[in-house]
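Subject: Structure for you to look at

Hello,

Here is the structure I said I would pass on. Please open it beside this email and follow along.

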Amino acid sequence: MTVARTLTAVRRGLLTLLGLQIAVAVALSLVDSYRRRGKKPKAFPVLAPETVPVGDGLITTYTFGRDLYDDMLAAIDGAKKQILFETYIWKGDEIGWKFKSALAAAAARGVDVHCIYDGFANVVVSPAFKRFPPSMKVMRYPIWNAGIRFWDLRRYGRNHRKLLVVDEEVAFLGGYNIGSAYATEWRDTHVRITGPGVWDLKRAFADFWNLNRRRRLTRSERPLLLETASDWDPQIRIHRNIPRQWNFPIRSMYLEAINRASRNVWLTTAYFLPDQDFVDSVADAARRGVDVRILLPLKSNHIVADWISRGYYGQLLAAGVRILRFKDAMVHAKTATIDGSWATVGTANIDRLSLQGNYEINLEVIDPDFAAVMEQVFRNDETNCLELTLDEWEARDLNRKFTESFLAPLRPLL
């Protein structure tokens, strides 16, 4: 009886602690939301789109949403055969309507238009916006995808990808969602590619569509059929996280590149909540003399993620890693460049949800010209950063140290 009471008390204590941690996280989010109300966004440095040849195609890099949206809409308007459009967030605002109207117009003129958006990410978007003409084939990835198989962890991943493929000729990939705020107020990175890599992105879309096509209202929905690509580009690889298949290659891609680094590792991410093995790889690179820099938002749009991520700062700074905090705007890019020859741009953040939970897609490029562009982008972002030093970190007040430690157990949820 005593053992049973003890176990009951322990369970209640753990549940109470978890409840307090969640309550603190909610309170922080509410306070942060209140403080942000009425604040006007500030300007930040951006670069004009730059194009470099890679293999048998071209890669154009975008660091400002308005430039990207203009080119994406132009590609949609010029489509002749097929458009494959996929996004995590699709706001029902001015920019969102521009994309919806352009896609509907393409479908009306006979273009085969397929669209995918995430139901959970757009739960607050007006239902009226989410009504599409029958000429468009639209998949709303469901909020609850597990059905009665609630125990199957492979069915809990969100569709966090952002992708556009037009006529097998051009494709766009990166961190930008669709919405007016992202056009001018967020610092993100996207790329436009031509050449053999476009087919790999088309296959990525088709595989996801075919895996989930029965989620559409028409259960007899025909699969997207593809021909086998005839060309390979050894300088470009597409990596896809597929939770349904328990396949998460993006984390391995990062670790392999970081472990091979000999000169520099410059990494930009919106949220930094990796597992300990990832942290150890980054710290080990710095200890062996590699110039390791991690660029993060000074204040992201998820304050709880900010608090929890700070739990890694001490060991990183002690190892010699430089932590740069982007000010006055949300940096949402998911990029890295290593040793002047390797780079990646994609949708995966450095957190558990992206690396071991969600559907994600990243472009890996081994090319010195593209790496040089990514280094230029990083240096430009650095001009808008505040660097965190080890002395500054160790001198933070007791309240901050306690809050970071108290929220640390929530790390696996993010």
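Below is what was found in it, taken part by part.

Please keep in mind that this is a predicted model.

The sheet

An open sheet is built from eight strands, and their order across it is β1-β2-β9-β7-β6-β3-β4-β5. The pairing in this sheet is mixed. The edges are held by β1 (50-54) and β5 (137-141); each has a single partner strand, so one side of each has no neighbour in the sheet. On average, neighbouring strands are turned by 15° against each other, with direction ignored.

Strand β3 (residues 82-87) and strand β6 (residues 163-166) run antiparallel and are joined by four bridges. In this pair, Leu84 of the sheet stands opposite Val165 in β6.

Two pairs of helices

Two packed helices are described by the angle between their axes and the distance between the axes.

Take helix α2 (residues 65-77) and helix α3 (residues 94-108) to begin with: their axes come within 9 Å and cross at roughly 15°. Angles under 35 degrees count as roughly parallel, and α2 and α3 are therefore roughly parallel to each other. The crossing of α2 with α3 is left-handed. On the α2 side, the contact is made by Tyr69, Met72, Leu73, Ile76 and Asp77. On the α3 side, Ile95, Lys98, Phe99, Ala102, Leu103 and Ala106 take part. Of the residues in this contact, nine are nonpolar, none is polar and two are charged.

The other pair is helix α6 (residues 249-260) with helix α7 (residues 276-287), whose axes come within 9 Å and cross at roughly 20°. By the cut-off given above, α6 and α7 are therefore roughly parallel to each other. Their crossing is left-handed. Arg251, Tyr254, Leu255, Ile258 and Asn259 of α6 meet Asp277, Phe278, Ser281, Val282 and Ala285 of α7. This contact divides into six nonpolar, two polar and two charged residues.

A residue in a loop

Asn349 sits in the loop between β17 (342-346) and β18 (350-351). Is Asn349 buried or exposed? Its relative accessibility is 2%. Buried means under 20%, so Asn349 counts as buried. Leaving aside residues up to four places away in sequence, Asn349 touches His160, Thr269, Ala270, Tyr271, Lys334, Ser354 and Leu355.

Regards

Terms used:
Residues numbered from 1 in each chain as written. Predicted model: local features only at pLDDT ≥ 70, side-chain atom pairs only at ≥ 80, totals over all residues. Heavy atoms only, no water. Pairing = 2+ DSSP bridges. Helix = DSSP H or I, 4+ residues; strand = E, 2+ residues; numbered from the N terminus. Axes fitted to C-alpha atoms, helices over the stretch in contact; angles between N-to-C directions. Parallel < 35°, antiparallel > 145°, perpendicular 65-115°, else oblique. Left-handed = near helix turned anticlockwise from the far one by under 90°. Contact = heavy atoms within 4.5 Å. Nonpolar A, V, L, I, M, F, W, Y, C, P; charged D, E, K, R; others polar. Buried < 20%, exposed > 50% of the residue type's maximum accessible area, 1.4 Å probe, protein only.
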